[in-house]
Amino acid sequence: MPAAPRKLSPQSLAVLDVLHGREWLYGLEVAAATGLKSGSLYPILIRLAERGLLESRWLEPERPGRPARHAYRITGAGRSALAAARRPSATSLALGGA
Amino acid sequence: MTGNRRDLADRIMSLAVSNPPAVRGEWADAMHAEFKALEKGRLSWSLGCLVAAARWRAAGEATYAAALGTGVVFVGALAPLCYFGAVLSGLLSRGEAARMVMPLIVVALVLAGFAIALNWPRRRLATALIVGLGPSLIGNALLAITGAGLRVPTLQMLVIWGVMVGLGYVGALAGAALGRRRAARIAR
């Protein structure tokens, strides 16, 4: 039997939610949209990247003389994980239907 | 933001991103790049990054300590285990098994130094010292406690320790070189 995927924290889901349906977003944009501070945001981004739920790349600066910035995008696995987390579980369906 | 607060934020950010664990180097650069793009909230961003970096370091230290412990046990246990395994199973005579003890210790020291320095290339000397001296010091302490201490002349002991640390360092140098090459390849 395959191991059950580890449950995502509400903060991780918020990050995936922000990235969902958008192109590359910078760390500052994710922080602003989720309200997460840098000390919480980066550990979450690292965890999600290590689990293959988001991908990252360095984007060239929009203005010359500025450094390249790290940007993030949700992956197919990330979209699936987000959809699974949004789906009401069998238990809650049963309880709701009772 | 006043000049003083700006300076403080710059200093905190430099501290946060200085010398990160090898696997977090790219993420430290990522935090720093966002900091440079920030107009407001630089102090709070830098403090958050410092917290994140402190967590990485704490996790990195625990992992390094565990790797060193495993290395010390590996070096200390490989030769005796192989010796007794070979003798008790009747695979080798005592004399034959005794002849493979030294080569096994050499291999274990080089391998342990190599494997640890692959992930912590900057700590090759510390790795060699701990992996080289650890098993001997623990073994001597155990022998002293049980009253079966070996009477090895001090000079001879120093030479043995020197050789053991040297072997660990050779392995660590090779591991560090490979680790840096791997990190450079990932960065590209």
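Biologist: Hi! How many salt bridges does the structure hold over all chains?
Modeller: Hello! There are eight salt bridges, counting over all chains. Keep in mind that this is a predicted model.

Biologist: Nice. Which side chain does Asp17(A) meet in a salt bridge?
Modeller: Asp17(A) meets the side chain of Arg86(A), with 2.2 Å from N to O.

Biologist: And what does that pair tie together?
Modeller: Asp17(A) sits in helix 1 of chain A, while Arg86(A) sits in helix 4, residues 76-86 of that chain, so the pair links parts that are 69 residues apart in sequence.

Biologist: Why can side chains like that pair at all?
Modeller: Side chains of opposite charge can pair when their charged atoms come close.

Biologist: Let's stay with helix 1 of chain A. At what angle does its axis cross that of helix 3 of chain A?
Modeller: The axes of helix 1 (residues 10-19) and helix 3 (residues 38-50) of chain A cross at roughly 75°, and they come within 10 Å. An angle from 65 to 115 degrees counts as roughly perpendicular, so helix 1 of chain A is roughly perpendicular to helix 3 of chain A.

Biologist: Which residues meet there?
Modeller: From helix 1 of chain A you have Gln11(A), Ser12(A), Val15(A) and Leu16(A). They meet Leu41(A), Ile44(A), Leu45(A), Arg47(A) and Leu48(A) of helix 3 of chain A. By class, this contact has six nonpolar, two polar and one charged residues.

Biologist: New topic: the two chains. How many residues does the contact take from each?
Modeller: Chain B gives 19 residues and chain A gives 21 residues. The area buried between chain B and chain A is about 1,700 Å², and carbon and sulfur atoms give 65% of that.

Biologist: Which three residues of chain B supply more of its buried area than any other three?
Modeller: Those are Trp27(B), Glu34(B) and Trp45(B), which supply 38% of the area that chain B buries against chain A.

Biologist: How many salt bridges are there across this interface?
Modeller: Three are found across the interface of chain B and chain A. In a salt bridge between the chains, the side chain of Arg66(A) meets that of Glu39(B) at 3.9 Å, N to O. There are also ten residue pairs in polar contact between chain B and chain A.

Biologist: Which helices of chain B give two or more residues to the side touching chain A?
Modeller: Helix 2 (25-37) and helix 3 (42-88) of chain B do. The largest share, nine residues, comes from helix 2 of chain B.

Definitions and conventions
Residues numbered from 1 in each chain as written. Chains lettered and ligands numbered in written order. Predicted model: local features only at pLDDT ≥ 70, side-chain atom pairs only at ≥ 80, totals over all residues. Heavy atoms only, no water. Contact = heavy atoms within 4.5 Å. Buried area = accessible area lost by both parts, 1.4 Å probe. Salt bridge = Lys/Arg side-chain N within 4 Å of Asp/Glu carboxyl O. Polar contact = N/O pair within 3.5 Å; in protein donor to acceptor, adjacent residues only side chain to side chain. Helix = DSSP H or I, 4+ residues; strand = E, 2+ residues; numbered from the N terminus. Axes fitted to C-alpha atoms, helices over the stretch in contact; angles between N-to-C directions. Parallel < 35°, antiparallel > 145°, perpendicular 65-115°, else oblique. Nonpolar A, V, L, I, M, F, W, Y, C, P; charged D, E, K, R; others polar.
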